[in-house]
Amino acid sequence: MKVAALTCHIGAEVQGVGLADAARDDALFGEVKAALLAHKVLFFRDQDITPADHAAFAERFAPLEGHPVVGSHPDHPGLIQIYKDENSPPDHFENAWHCDATWRDAPPMGAVLRCVACPDVGGDTMWANMAKAYADLPPHVKDTIAPLKARHSIEATFGARMPEDRRHALKAQFPDAEHPVVRTHPETGEKVLFVSGFATHFTNFHTSANVRYGQDYAPGGAQLLAYLIGRAAIPEYQVRWRWRPGDVAVWDNRCTQHYAVMDYPPTIRRMERASITGDRPY
Ligand code: SIN
């Protein structure tokens, strides 16, 4: 197995590994997992594997979970089908910097995304290293956000374009989650900036240190949240992958965000994603 870093801070291409083999071989899977912890997102070309192999590899990390809005493979409910064509509505949700499913109390620990079909040009995906984003924050910002928590909402994102009754039903099924703004990675111990496109507001910003006048809270708290969410857009934290059919990306959802570049409609783009269950952030 050969691992070649793609940038200074995130991402590596892995050569000489078939993921169907890694699903069955403990030692090989261990090497892949170690590389993932080191590089945060791994890329594998030419993975001519079945949906069963795809799911079996991802399940080596932990059981898979479906998605309440995005459909799944008929035989593999853990494989979400992110399929786009000329009829897809323009208001997608993958073209925002986000960490997957933080509207869950325990968001996924990672994902395995396979390209089934893509345009010749366009439809790249980008990832950002949110541990580096945290490490680079000014000390006074780190002090301010250390105790803060934020609300994360499926209602305000996937639900926002639904009729009201469906939106309310979605929220009843998945009430907003609350997570620390800075989480600790359970395996590497790194501190991670953990707010992205699903975060709506801080839940405990209103202290005498932060709020002296009403405007310190609104828009002050919202301005701080927007500043933090905006850190993923800094190019030095990013890697960008240009897809070919059969490519696979594996990412650690606990310390990265990603953004699917939506420059290709109305071309067909078909991706299948295994979402791997995770722990409650602390
Ligand atoms: C996602 O946001 O998980 C999907 C990324 C992609 O389609 O490239």
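An oxygen atom of the ligand lies 2.6 Å from an N or O atom in the side chain of Arg273, in what is a predicted model. The side chain of Arg269 likewise places an N or O atom 2.7 Å from an oxygen atom of the ligand, and for the side chain of Thr125 the corresponding distance to a ligand oxygen is 2.5 Å. On its own the ligand has 260 Å² of accessible area, of which the protein covers 99%.

## The surrounding shell

Arg273, Arg269 and Thr125 belong to a shell that also includes Ile82, Glu94, His98, Asp100, Leu113, Trp251, His258, Ala260 and Met271. Sorted by class, this shell around the ligand holds five nonpolar, three polar and four charged residues.

In terms of secondary structure, at least two shell residues come from each of strand 15 (256-260) and strand 16 (269-276). Strand 16 provides the largest share, with three residues.

## Cysteines

The count of disulfides in the model is zero. Cys99 and Cys255 illustrate this, because the sulfur of Cys99 has its closest cysteine sulfur in Cys255 at 8.8 Å, too far for a bond, where a disulfide would require the two sulfur atoms to be within 2.5 Å.

Conventions: Residues numbered from 1 in each chain as written. Predicted model: local features only at pLDDT ≥ 70, side-chain atom pairs only at ≥ 80, totals over all residues. Heavy atoms only, no water. Near = heavy atom within 4 Å. Polar contact = N/O pair within 3.5 Å; in protein donor to acceptor, adjacent residues only side chain to side chain. Areas by Shrake-Rupley, 256 points an atom, 1.4 Å probe, with all protein chains shown as cover. Helix = DSSP H or I, 4+ residues; strand = E, 2+ residues; numbered from the N terminus. Nonpolar A, V, L, I, M, F, W, Y, C, P; charged D, E, K, R; others polar.
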